[in-house]
Amino acid sequence: MAASRPEPGRQLTELWTFFAVDPVAVPLARRLARVRGVTPNRLTALALALGLAAATCLATGRLRTGGALFVLRFFVDCLDGTVARLQGTCSTRGAFADLGADIIGVTAAYAALGWYLVDTGRLGPAWPLAVLGALGLYNWELGHRKRLAAEAGLGTGGAAHRWRRSGGLLGGWTGFCDRHGVSAVPWAVEVEIATLGLAPLLLPADALPAAIATALAFYVLADLLNARRIWRIAGHLDARTPSDVPALDPLLPEGATP
C-alpha cells in the first residue's frame with residue numbers, strides 16, 4: 001500500500017530573526033550592498049571570526065563578552081544572505097560557506113561553554129558531551145531531511161505550520177505568524193541565542209547549567225521529530241511507482257538534461 005504523501009514543509013522565518021534582527025539587519029544590508037568591498041563571503045568570514053571569538057571568551061570565563069559576541073555573530077550571519085540577494089551574487093559555494101561557518105560557530109560555542117562549566121565544577125562532563133552529540137545528530141538529520149524532501153518535491157520537509165483557526169490570544173498569534181511566514185514556536189535559533197548569547201550575557205554563571213540542560217532537552221526533542229519526518233518522507237519515496245519518477249533519456253550521460 002502506498003504511503004500517504006506528507007504535506008510540503010514551508011520555509012519560515014525564525015521568531016528571533018523576524019522580531020530582533022530583521023528590523024535592523026535588512027535596512028543595514030541595503031546600505032552595505034552598495035558599499036564597494038562588501039561581499040557576502042567577507043561577511044560570512046566575519047561571522048565565523050565572531051563565533052570563534054565568542055567561543056574563546058566563553059571558554060575562559062568572560063561570559064558577558066562571549067554572550068554579546070555570539071549575539072553579534074548571528075546578526076552578521078543574517079546579513080550575508082540578504083546582501084547576496086541584493087547584489088545578485090547568490091551561489092552554491094556561498095551557501096556552503098555560510099552553513100559551515102554557522103555549524104562551526106555554534107558547535108565551538110557549545111563546546112567552550114561546556115568546558116568552562118566543567119572546569120569550574122558547575123557541571124559534569126556528560127552534559128556538554130550529550131549536547132554536542134545531540135547537536136551533531138540534529139545537523140545531520142536536518143541536512144538529510146532537506147535532501148530527501150527536495151527529491152520528493154516536499155519543500156523543506158519540515159512541519160507545514162498550518163494552525164487551526166481559533167479565537168483568543170493563541171488564535172491571533174498563530175494567524176499573525178501564518179500571514180507573515182513566521183514560525184509560531186521557538187526553534188533551534190532561539191535555543192542557541194538563549195543558551196549561548198543571552199544566558200551568558202544576562203544570567204549568573206550558576207544559572208548556566210540549567211540553560212545547558214534545557215538546550216539538551218530541545219535537541220533530543222528536535223532529533224525525534226526530525227527522525228519521524230525523515231521516516232515519513234522516505235516511506236513516500238519508497239512507495240513511488242516508476243511513473244512517478246522522471247524518465248531519463250538513455251542516450252544522455254547520467255545527470256545530464258536534454
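Buried residues, meaning those under 20% relative accessible area with a 1.4 Å probe and protein chains only, make up 38% of the 258 residues in this protein. The model is a predicted one, in which local features need pLDDT of at least 70 and side-chain atom pairs count only at pLDDT 80 or more, whereas totals for chains, interfaces and linings use all residues. Residues are numbered from 1 along each chain as its sequence is written, and side-chain values use heavy atoms, with hydrogens and water left out.

The protein has 8 helices and 0 strands, where helices (H or I, at least four residues) and strands (E, at least two) are DSSP runs numbered from the N terminus. Among contacts (heavy atoms within 4.5 Å) between residues at least 6 apart in sequence, 81% join residues at least 24 apart.

Two helix pairs are set out below, with axes taken as lines fitted to C-alpha atoms over the stretch in contact and angles running from 0 to 180 degrees between N-to-C directions.

| Helix pair | Angle | Axis separation |
|---|---|---|
| α2 and α4 | about 5° | 7 Å |
| α5 and α8 | about 25° | 8 Å |

Because angles under 35 degrees count as roughly parallel, α2 and α4 fall into that class, and α5 and α8 are likewise roughly parallel to each other. The contact of α2 with α4 is made by residues including Thr 44, Leu 48 and Leu 52 of α2 and Asp 98, Ala 101 and Leu 113 of α4. By class, this contact of α2 with α4 has 14 nonpolar, 5 polar and 1 charged residues, with Ala, Val, Leu, Ile, Met, Phe, Trp, Tyr, Cys and Pro counted as nonpolar, Asp, Glu, Lys and Arg as charged, and the others, Gly among them, as polar. Helix α5 spans residues 126–152 and helix α8 residues 208–238; the contact of α5 with α8 divides into 19 nonpolar, 3 polar and 5 charged residues.

In soluble globular proteins, nonpolar side chains tend to be buried together. A nonpolar core is here a set of buried Ala, Val, Leu, Ile, Met, Phe, Trp, Tyr and Cys residues joined through side-chain atoms within 4.5 Å. The largest such core has 49 residues, and Tyr 110, Leu 113 and Tyr 219 are those with the most contacts inside it. Elements giving two or more residues to this core are α1 (15–32), α2 (40–59), α3 (63–87), α4 (92–119), α5, α7 (188–202) and α8, and the largest share, 9 residues, comes from α3. Leaving aside neighbours within four places in sequence, Tyr 219 is in contact with Tyr 110, Ala 134, Leu 135, Tyr 138 and Glu 192. Another core, of 7 residues, lies apart from the largest one and has Leu 148, Ala 149, Ala 152 and Leu 154 among its members.

Tyr 110 is also touched by Val 191, which, again leaving aside neighbours within four places in sequence, is in contact with Ala 215 and Phe 218 as well. Val 191 lies in helix α7 and is buried, with a relative accessible area of 15%. The C-alpha atoms of Val 191 and Ala 211, 20 residues apart along the chain, are separated by 9.1 Å.

Asp 98, in helix α4, has 23% relative accessibility and therefore counts as partly exposed, the class between buried and exposed, the latter being over 50%. Not counting residues up to four places away in sequence, Asp 98 touches Thr 44, Asp 77 and Asp 80. The C-alpha atoms of Asp 98 and Asp 77, 21 residues apart along the chain, are separated by 7.6 Å.

Definitions and conventions: Parallel < 35°, antiparallel > 145°, perpendicular 65-115°, else oblique.
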